[in-house]
Amino acid sequence: MGALPVFRWRLAPDGYATRRQLRAQGLRPGGQAVAATLERPRRRREPLVAYLYRIEDAKPVRPMTPARWAALAKANAARRICPTCRRDAGYVIPASLGMCVPCAYPDPDFLRSA
């Protein structure tokens, strides 16, 4: 297997796209291998690298089924449940706290002084 073509930032030819660009077009890589890389130079550091895929080999995004919607709703609901008090916080629990704000800061004077 030969080396992948490397393109400079903003100089990739037509027909190539990143995963995000494919997704914006309603496509996915579909099991194809990386076709090329894109490098964005940075001062005094390694360049940023993005993987490019061929648009012609991309496949359409699979549609969401009712079961997948249900699984996604269940996962998002679990992110709102505080592990300490087991209540729905009404927002996604911050990973930095690991619990809802009232459980993390039970002293009411703490929030007023901040």
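Buried means under 20% relative accessible area, exposed means over 50%, and partly exposed lies in between (1.4 Å probe, protein chains only). With that in hand, let us look at the model.

This is a predicted model, in which local features need pLDDT of at least 70, side-chain atom pairs count only at pLDDT 80 or more, and totals for chains, interfaces and linings use all residues. Residues are numbered from 1 along each chain as its sequence is written, and side-chain values use heavy atoms, with hydrogens and water left out.

Arg-44 has a positive phi, near 60°, in a residue other than glycine, and Arg-86 has a positive phi of about 60° although it is not a glycine. Arg-44 sits in the loop between strand E4 (36–42) and E5, while Arg-86 belongs to the loop between H2 and helix H3 (101–104). Helices (H or I, at least four residues) and strands (E, at least two) are DSSP runs, numbered from the N terminus.

Here is how some residues score for accessibility:

| Residue | Relative accessible area | Class |
|---|---|---|
| Arg-44 | 86% | exposed |
| Arg-86 | 59% | exposed |
| Asp-88 | 44% | partly exposed |
| Leu-72 | 39% | partly exposed |
| Arg-80 | 29% | partly exposed |

Arg-80 and Asp-88 join their side chains in a salt bridge (3.2 Å, N to O).

Finally, the largest pocket has a volume of about 210 Å³. Residues lining the largest pocket include Trp-9, Tyr-16, Arg-20 and Leu-52. Helix H1 (19–24) and strand E5 (45–54) are the elements that give two or more residues to this lining. On a 1 Å grid over the protein atoms alone, a pocket is an open set of points where a 1.4 Å probe fits, with protein on both sides within 12 Å along at least five of seven lines; lining residues have an atom within 4 Å of a point. Grid points are joined across faces, edges and corners, and a volume is the space filled by probe spheres set on the points.

Key. A salt bridge is a side-chain nitrogen of Lys or Arg within 4 Å of a carboxyl oxygen of Asp or Glu.
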